[in-house]
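Please open the structure in a viewer and keep a selection tool at hand.

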Amino acid sequence: MLSVAILAAGKGTRMESSIPKVLHKISGKSLLQRVINSCDKLNPDQIFVITGHKSKEVQDSIPHNKKIHFVIQEPQLGTGHAIQTLCNQVKTNEGKLLVLNGDVPLIKPETLKRLLNLHDSNNADVSLITTKKKNPYGYGRVFLKGNFIERIVEEKDCNNQEQLNLLINAGIYCFNWGNLSKIISNLQNNNKQKEIYLTDTVALLENSLSLEIEDNGELQGINNRIQLSKCEELFQNLIKEKHMLNGVTFINKTSCSISEEAEIGKDVIIEANTHIRGCTKIFNNCIIGPNTFIENSNVGFHCEISNSTVYDSQIMDHIKIGPYSHIRPKSKISSYSKIGNFVEIKNSQLEEESKVNHLSYIGDSIIGRSTNIGAGTITANFDGQKKYQTKIGRNSSIGANTVFVAPINLGESVTTGAGSVITKDSKDNSLAISRTKQVNIDNWKKKKPLSN
Ligand code: UD1
Ligand code: CA
């Protein structure tokens, strides 16, 4: 039987934030969610999330399921007190209890598995992950005696000699839950912070083991925004390195961010200041950026998107977008189309080879194949209450500054006169024009008297 306890009750004072620490995010997911996802891969029987500070907010932040149980720790008297609270509430303390700090978000499931294996094969009372840090400041120092851990001393309780110990406690423990519950109530708070430390359990248990691993960033704890930013950078580097090894070029890696779900094809070039978010898929041979944001969208083969924003949309193959285009949700741009400067597209379908090159708003529309939308064209889709559709057939030529007052339905090969306000449907091959005829009035300008 494997149970997990995630310590998430603390305020995170050093974050200087009104948001509980474990709800701060790394690449779009909260620290707590990341820890849950990681331990979930071990398929535990139950996960206890210990909350306290802004408990409701923390509980509401994660999807509830049968495995997840919440334990409220009120007040928060330290990490040891959190586990005391758990042991008091859960009476059957059987099997293993894996305890994870909620503020160590990058821990990998493989590393947790190694800890469980070490624990099982040695029949340990407690096994915990340690590493040697060049700068161990802030972490609890782990003191060994032979193969066993003798004690852990928190930074604030270390004397000068103890501070020199580089072996630190990562905040990830596996306990024999039965043996832990026998000693858990003996923990005291006689330390500098007057807190009940979970780390004091190692001195009370017999068989305490250390799994020392290489510090590759996954053990980074987060107590302040400097460490939050360090974790973000570490995580982003891992993602980008994965893509680079798969054939993606980054022109200016540090200025870009990529979600962990994103899929990027070969020979894609990601230019500076480009951000790929959510479940975005980019196929081979695209050039994305500079200054581009794409979220939850598909981008087909051989597209070029620069200085633009794309949300929840389908961009097919061989399409050029930008600079300065805004593709809003539920849009589909078909192959060989072109969306140009200062064009906004929303909930619209553009068929192949259509062009919207300059200064337009296309909303709730269907634009046929090979249709050209002239500069400044607007679909007026909203009457103040409801949204309506604009349909323009294929091979049409829409004159500059046309306004379509939706609902409107134009046939194929329709031409509209520049500056027209179109309020009526029109048939195939027609010209729709609605504007006052130009009048020229001669000698309109009064002659100025000639100056001397
Ligand atoms: C803790 C460890 C330290 C270790 C470090 C690793 C203790 C006493 N110290 O220190 O040895 O090197 O983590 O990152 O455990 N929490 C509660 N209830 C509380 C207090 C804290 O749930 O009453 C939670 C916090 O929300 C946080 C986690 O426990 O997620 C760790 O608490 P924190 O105060 O950050 O401990 P550290 O000082 O980092
Ligand atoms: Ca911490």
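The protein has 8 helices and 41 strands, where helices (H or I, at least four residues) and strands (E, at least two) are DSSP runs numbered from the N terminus. Its radius of gyration is 31 Å, well over the 22 Å that the globule rule gives for 452 residues, so the protein is more spread out than a compact globule. The radius is taken over C-alpha atoms, and the globule rule is 2.2 Å times the number of residues to the power 0.38.

This is a predicted model, in which local features need pLDDT of at least 70 and side-chain atom pairs count only at pLDDT 80 or more, while totals for chains, interfaces and linings use all residues. Residues are numbered from 1 along each chain as its sequence is written, chains are lettered from A and ligands numbered from 1 in the order in which they are written, and side-chain values use heavy atoms, with hydrogens and water left out.

**The whole chain**

Display the C-alpha trace first: along its principal axes it spans about 105 × 65 × 45 Å. Then colour by accessibility; 50% of the 452 residues count as buried. Buried means under 20% relative accessible area, exposed over 50%, and partly exposed in between (1.4 Å probe, protein chains only). Among contacts (heavy atoms within 4.5 Å) between residues at least 6 apart in sequence, 39% join residues at least 24 apart.

Next, select the charged side chains. There are 54 positive and 45 negative ones, and the centres of the two sets lie 8 Å apart. Lys and Arg count as positive and Asp and Glu as negative, with His and the chain ends not counted; the place of a charge is NZ of Lys, CZ of Arg, CG of Asp or CD of Glu.

**Salt bridges**

A salt bridge is a side-chain nitrogen of Lys or Arg within 4 Å of a carboxyl oxygen of Asp or Glu, and the count comes to 18. Select Lys-29 and Glu-260, whose side chains form one of 2.6 Å, N to O. Lys-29 lies in strand E3 (residues 29-30) and Glu-260 in the loop between strand E13 (257-258) and strand E14 (263-264), so the pair ties together parts that are 231 residues apart in sequence. Lys-29 is partly exposed at 22% relative accessibility, and Glu-260 is partly exposed at 28%.

Move on to Lys-67 and Asp-40, which meet in a salt bridge of 3.9 Å, N to O. Lys-67 lies in the loop between helix H2 (55-60) and strand E5 (68-72), and Asp-40 in helix H1 (residues 31-40), so the pair ties together parts 27 residues apart in sequence.

Within helix H2, select Lys-56 and Asp-60, which lie 4 residues apart, about one turn of the helix. Their closest N and O atoms are 2.6 Å apart in a salt bridge. Lys-56 is exposed, at 62% relative accessibility.

Is helix H1 enclosed or open? Of its 10 residues, 8 are buried, so H1 is largely enclosed by the rest of the structure. Its buried residues include Arg-34 and Val-35.

Finally, centre the view on Asn-101 in strand E6 (residues 96-101). Asn-101 is buried, with a relative accessible area of 18%. Leaving aside neighbours within four places in sequence, Asn-101 is in contact with Leu-7, Val-35, Gly-171 and Tyr-173.
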